[in-house]
Amino acid sequence: MNEVVEKVAPLAEPAGKGMAQGTDKAVVKKEPTILVCDGNEAAAWGIVLSRPDMVAVYPITPQSSLAEYVAQFVADGVLDAELVEAEGEHSVLSVLHGAALAGARTYTASCGQGLAFMFEPYFRTPNLRLPIVMSIVNRDGITPQCVWGGQQDAMTVREVGWVQLFCETVQEVLDTIVMAYRIAEDRSVMLPVNVNHDGNYLSNGIVRIELPDQAEVDDFLGTPDVNWHAALDPDRPMGVDPLTGGATGPGPALFVGYRRGHCEGMQNALRVIVEVHEEWARRFGRRYAPLVEEYRLDGAEYALVTIGSMAGAAKDAVDAARERGDRVGLIRIKTLRPFPVDAMVAALDKLRAVGVVDRAVSYGWNSGPVHQETLAALQYCSKRIPCLSLIGGLAGADLTQAHFERAIAATARLLDSPCPRAPVWLNAEDR
Amino acid sequence: MEQFDYVVLGASHAGLEALRAIRAHDADGSIAVLDREGRLPVSPTVLPYVVSGKRPEDRIALRERGWFDDLQVAYRQQAHAAALDTAYSRLRLADGREIGYGKLLLATGAAPAIPPIEGLSDVRFHVLRTLDDALALREVASAAGRSAGRAVVLGAGLVGMHAAENLARAGARVTIVEMRDQVLPGYFDATAAARIEGAFRDNGVEVLTGRRVARVAPRAAGCTVLLEGGEACDADVLLVAAGVRPEVSYLAGSGVAVERGVVVDEFMRTAAANVWAAGDVVQTRSFFGDATPAGGILPDAVEQGRTAGMSMAGDPALQPYPGGVSLNTYGFFGRRALSVGRDAPREAGPGWETRVRGGEGSDAYLKIVLCEGRLQGVFGVDVLFDPGIMWELILRRVDVGARADALLEDPQDTARALMSGLWR
Amino acid sequence: MTATPTIAFDAARCDGCGDCMNACASAKSTDGKLAQARIHIIRDAESGRWGVAQCRQCGDPRCASVCPAAALEKGDDGIVAWDAGRCVNCLICTAGCTFGGIAFSAKEGYVVKCDQCAGAPQCVAACTRGALRYVTTAKLYNRWGELEDLFVPGLGGCQGCNTELIMRHTLRRVGSNTVLATPPGCIPGMGSVGYNGMLGCKVPVFHPLLTNTASMLTGIRRQYKRKGRNVTALALAGDGGAGDVGFQSLSGAAERGEQILFVCVDNEGYMNTGAQRSGSTTYGAWTATTPVGEGARGKTQDAKNLPLLMMWHGCEYVATASTAFMEDFYAKLEAALDASERGFAYLHLYSPCTSGWRFPSASNIEVARKAVETNFAVLWEYRREHGLKLSRDIDDPAPVTDYLKLLGKFRHLDAAQIAHIEQHVAEQAQVMRELAAMRPGDGLFDRSPSNFLNAAG
C-alpha cells in the first residue's frame, strides 16, 4: 500500500497534475484549513460541509472507515444529522428514500456486495427523482472472495439512471461530494449522484487536502429543497408511486413521461455539472474537468482513456513517454453517467488511436465497460479511430507507471497494425 | 315559485315517516312538508283520548317543531293543496301560491265518510278525525254526560267504539248503530266481536247491529235517528263514524289514478311521474292478494310512508311494500283485544285450519287461522301476544303448522321463541 | 344516525336459568310487587334452544314510528324512552315491534320495555353464563363516525373483504397528520395509492417496495421529528411484506425502536396475486403454490407466529386483533398509536380472505370470529412495561373444526391433518397462556429468548 500512497500523494496537491487549468487563487477568501487524511475521511468532511439532514450507513470494506468517520462526527457534534445505523444496505437506501420524500438532504456510502444488496431501492431511486448523494468506494465483485478495489460495482449499475462521477484524487473526492449536492438538487436534474472513489487507492491513501470554508460551502449549496416535486407530507398530501394502467388508460403515456423526463434530467445534468464545476473553481480555486479531462492531447496522435484514480500513474507514464518523443496524451472520464458524448467526441477526434483502460469487465463484449462507452462515442467522430481495450487493477491489483507504459506501447501499435479484438489483461502476469 | 326537491303533502304517520326515510338517505335535498292543519300534527288515533279528557290537547303532538328543524325540513302549516299539475311538477295551494317539486308524496289521508242518510245535513252531528272535531265532541260529551243525555253513534268501527266508550264513561246514555251484523266488522271475527259487544252492554251501552238508519230528523237541541224497521232513538249528541274516504279532491285532472283511493305500485308510485302516495289516501293492496279490506291501519301507513320515502330518495335498501295486513290493538273498558291478519273465508278450502280456545263464558278467547301451515290471522280478546311478531310471521310466510297447538296454548312465548330463532 | 350500546344474547350459552328476568323484575320494581321483567327468556320446544325477547333499542325504532301519541322516542343516549305522560295505552307500539321488545304488562297496566338500567343493565350483571353481554362498541363507532373518512368512497376490493373496514377505521383514528405506507398487496390493490394519477387517500400515501416499508417510514418519521413535526408513520402491510420478504426491514426498525405504527393485515398468504403460500399460511391450507393433488395435501409446514416474533424484539407495543372484535381492535389501535410516539408499535390483524380462502363473501366477520373463538387466532397484547396479557379467555375454546369447516382452503383435510392443526392450536394457546402468566421480571424484558424459555419451561 505504501506504493499507492506515494503515487497518489503528489497528485493531491492543490495545483497538482489533475488540474487542467491554473488555479484561481485570487478569489480564495481565507487561508484554507489543511488536513492530512485519506479519501474516506475526506468524503466524511465533504458530508460535514454539505450538512445533510440524514445519513444512513451499513459498514462494508473498504467503505467502513467512512461510516465510522461520519458516526464519530455526529457523536462529536461536528455534524448535526440523523444517523440511522440500518440493518443492511437495502434499508439504508430505503430510509433515505423516506427521508428525502419528507424533505431531507441525505447521504450514504456503500460498494460491492452492499451495492448489490441495495439494488432494489437503488434501482428505484432515480425513478423517484430523489437527489440522494451516495459514495461508492469502488470494490470489485465476488466470486472469488475479494474485499479489494475495482470498479465492477459501479460499472455494473451504470444503466440504472444515477449520475455517476469518478474522482481522481482525495481532494477531488471531498470537493465532488459537495458539488454533487448542487448537481443532484438542481431543479432541472433532480437525480441521485454517485461519487465514486476507488477502494484502497483513494479510500485509504493519506494525503494533504484543503478543507473549504463552511460559510462559503453553505452559500454555494443553499437550502435544500429536495421534495418539491414528490413529497410525503401531510401538509401537501399526495400519492407517491401510483399504479399505472398497463396497456390501457393513461398508463402508457404516464409511464413514458416518467422515463423521458428522467432522460431529459440526465441530459440537463451535463450542463449543470459543467456549471457547478465552473462555480466551484471560481469560489474555491480548484478547477476540475467536469466531464472529460484532456491531458496533453495537443500534438498527440494517440491517447489512453482512463477513469478514476488510475489517471495519476497513467499521467506519469504519459509524461515520461512524451519526454521520449511519443506523441501520446490522456483522456480521463470524470462523468460516466450521463455519458458526455460531445466532450468525448471532441477529445477523440484529435487522435488516430486510443487505448481504454478499465478496472472492470464487460463480459458480454470481452472488453471493459469504458471501452464500450468509448466505442459508442467513436461512432460520432469524423473518422474511424481504432480503440483497444485494456483491463487492469482488478481486485486491488496495482496499476503502476510500468503498466501504463505497456498500455501506451500497445496503443501505439494501433497506428500501423490492426486493432486486436481481445483485451489486454494488464495484471495477467503479476504474481 | 318556491321549489323543493321533495314535497310531502300531509303530516300524519305516512308523511312523517317518509320525511325521515328521505332524509336518512339524502342528507342535502330540500324538503317541504305541507299540512292542512294550523297546529302541530296529531294522530287521529289519540283523538278518543282527547274526547275522554285523558290527554290534554297540548300533549299529543306527533312531532314538535324542532323535529322538522333537525331534519332540515320546511314545515308549512295551513297549506291546502288545491290542484296538482304533474306535467309541470307543481302544486297549487288553496291560497293561490304554487310550489314546485322534484318528487311529490301524497299523504293527505282520509276524511270521514258521510253516509247518504236522509235529513243528516239538516241536523248537527259530529265526526272525529281532527283535533277540532275532538275538542268539539269533548265539549258536548261532557255536557251530555253531566245531563245524562243521550248519544247515538253511527258505525261500530274503531272510532265509533272508542267514542261510544268515552261518551258512556262521561255519563251519557249511548246507542251504537251498526248496519253490519257485528261490531268492529273487518277487525275482529264474530266471536271476538260478541265478547267486545258484551262488554259494552255490560257498561250500559246499547248496541244495535244489523240495523240501518232510515232518516234523521231535528229534535229540540238534538235530533231523532229513525232506524229501518221503525224504531227511533233520540240523540242529544250524534256522532257519525261510518268510516273514511281518501282525501283526493285536489287530484282531479292530475293524471294520478284514483279508484277506492290513489292507485300505487309496490314502491308506492302513482300513475303520474315523480308522484308517490302513502297512507290512508292510498288504495291499499292486500298482502294476501284477496279482497280483505285493508287500509286505515296505522303501522301499515308508516310502512307505506317508509317505502315511499326510500323510493323517492333512491335508497338502495328499498324493498317492495308487501301489501297490507290488518292489524289492530283495541282497548275497551280496561280490557284488550288484538287482531292480526285475516279470518278464514266463508268457503275455506281444505288447506285452511282454524284453532279456537275459549268460547262464550270463558276468561279469554283466542283464534288462530292457518292456511297450509302458514299463519293467516290471530284474534284474541283478553289474551296477550305480540302483534308485531305475529305480523312478521305472516309477512315471512313462516310455516307454523307444527306449532299450532303451542301457539294456541301460549301465543306470546311460542311466537317469541320462533322470532328468536328466525330473525333476532 | 348514531349507534348505541346494545345487550347481546348468545343462545348457545344460555341455560334458561331465569336469573336475568328476576334481576330485571327486582331492578324495575319500586315496591317489589308490581314490576315485571323487561327481558324474557323463552325456550323453543322444537330446537331446544333458548331465545330472548327484549328491546333492542333499534336505531330506527318502529315502535316510535307507529306511536300515535309520541310517547316513545329514541334518545341521544340510544335508549328508546317511554313517556308515561303521553302514552294512551293503545298498544300500537306492540304491533310495530317485531322483537317482542315492548309489551303490555297486566301487572302494571301499561306497556313496559327495557331501558338498559341507565348504562348498567342488571340482567347482564346477573348472567353467570356469559349469554348476555352489554356491548358498548357503538360508542366507539360513534366516535369514529365523527372522524373524517380519509379513504375514497369507492374502492377495488373483493366483495366481502374486511380490509376496507381496517383501512377506513384505522385512518379515521390515526388522522390526517399521517404518512401512510401501503406496500404492494391488497391494500394498494384496492386503490390506496390510486391509479394513473388518481389518489385513493386523503393522506400522503405511497407504495414502498414490498421489502422496505419499515425502513422508508424510518426516514420519514425521523426527518419530521428532526424538523419538530410529530407526523404519524403508519404502515398497512400484508403478511408477506411484513413477515417474509419484508421481515428484515421490519425487524431492523423494531430493534432500533423507530417510532412507527406498523399494522400487518394477515390474510395468510399472497392473496392479492392469486393466493400463493406465505410464511403465515396455515399448515394444511390449500394455496396456489401448495395445491392439493395426488401427491400433495396443501401446505406441509406450520405458520410462523409473526406477532410473537415481534414481541421478542422488545417493541413498545405488540398486539393481535380481529375485525370480529372491533372494540378490542379499537382499544389496541389506540394503544398502538400512543405507543408509536415512544417506539415501535406492531399491530397484527387476522384478516380472512373471502376469495383466497374460499368462503362466501357474506361470512368474513363470522370466519374472523370463529378463528378467535377456536383459539386459532389468539388475541393478546404486549406492552413493554407490563408484559403480555390475553385479551380474552382462551380456556374454553370452540372446537377447531368449527373454524376449519367454514373454509374451502381446508376442505381436503384428512383426519391426520386436522389432528395436526388441533395440536398446533393447542400448543400455541399453551405458549400464550404461559407467556401471559409471566411478569416483566421473569425475562420478557431483557429480550433474551433463552431466559424466557427457562422460565416457561
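How many bridges join β9(A) to strand β10 of chain C, and do these strands run parallel or antiparallel? Two bridges join β9(A) to β10(C) (residues 205-206), and the strands run parallel. Strands pair if DSSP finds at least two bridges between them. The bridge partner of A:Val240 in β10(C) is C:Phe206. Helices (H or I, at least four residues) and strands (E, at least two) are DSSP runs, numbered from the N terminus.

This is a predicted model, in which local features need pLDDT of at least 70 and side-chain atom pairs count only at pLDDT 80 or more, while totals for chains, interfaces and linings use all residues. Residues are numbered from 1 along each chain as its sequence is written, and chains are lettered from A and ligands numbered from 1 in the order in which they are written.

**Interfaces of chain C**

Two residues are in contact if their C-beta atoms, placed from the backbone, lie within 7 Å. The contact between chains A and C takes 38 residues from chain A and 36 residues from chain C. On the side of chain A, α4(A) gives the most, with nine residues. Chain C also meets chain B, where 33 residues of chain C are in contact with 35 residues of chain B. Here α3(C) gives the most to the side of chain C, with four residues.

**Buried helices and cores**

A residue is buried if 20 or more other C-beta atoms lie within 10 Å of its own, exposed if 12 or fewer, and partly exposed in between. In α1(C) (residues 19-28), the buried residues include C:Cys20 and C:Met21. The buried residues of α1(C) pack against β2, α4 and β8 of chain C. The buried residues of α1(B) include B:Ala18, and their cover includes α2 of chain C.

A nonpolar core is a set of buried Ala, Val, Leu, Ile, Met, Phe, Trp, Tyr and Cys residues joined through C-beta atoms within 7 Å. In the largest core, of 219 residues, A:Ile183 and C:Phe262 touch the most other members. Helix α8 of chain A (residues 170-185) gives the most to this core, with 10 residues. Another core, of 185 residues, lies apart from it, and B:Ala18 and C:Cys20 are among its members.
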